[in-house]
Amino acid sequence: MNAAVNVEEKLFQNRYRVDAGRPHIRIKQPDLCRTECGTQSCTYVCPASCYKAEGNGSVTLITDGCLECGSCRIICNEHANVAWEYPRGGYGVLFKFG
Ligand code: SF4
């Protein structure tokens, strides 16, 4: 019998090698998120919940669990406030297939 596996369980199989002190994504102007962005779409589109809407209206970003999907780079088109690049070789997400 085929047991159903949910997305969270599949994501748990991935491993990450964090490039400490060198995040591969950066919010260019953090103040813009708070004062100019009406949607803060990154806070709900990111499948790894790297972006968090804070109570004071700001957005924080922690890239450690990033899946490198690129969604935040695309969706932040209102202000193009995301500086995005792939992690250096040997760092970032390690996907488990199968
Ligand atoms: Fe989240 Fe994808 Fe952006 Fe990584 S690239 S922070 S997983 S939306």
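1. Contact means heavy atoms within 4.5 Å. Leaving out residues up to four places away in sequence, Gln-40 touches Cys-33, Arg-34, Ala-53, Gly-57 and Val-59. This is a predicted model: local features need pLDDT of at least 70, side-chain atom pairs count only at pLDDT 80 or more, and totals for chains, interfaces and linings use all residues. Residues are numbered from 1 along each chain as its sequence is written, and side-chain values use heavy atoms, without hydrogens or water.

2. Gln-40 sits in the loop between helix H2 (30-35) and helix H3 (42-45). Helices (H or I, at least four residues) and strands (E, at least two) are DSSP runs, numbered from the N terminus. Gln-40 counts as buried because its relative accessibility is 15%. Buried means under 20% relative accessible area, exposed over 50%, partly exposed in between (1.4 Å probe, protein chains only).

3. The largest nonpolar core has 12 residues, among them Cys-33, Tyr-51, Val-59 and Trp-84. Such a core is a set of buried Ala, Val, Leu, Ile, Met, Phe, Trp, Tyr and Cys residues joined through side-chain atoms within 4.5 Å. Strand E2 (25-27) and strand E5 (82-84) each give two or more residues to this core.

4. Val-82 is another member of the core. Beyond its neighbours within four places in sequence, Val-82 is in contact with Ile-25, Arg-26, Lys-28, Tyr-51, Cys-72, Arg-73 and Cys-76.
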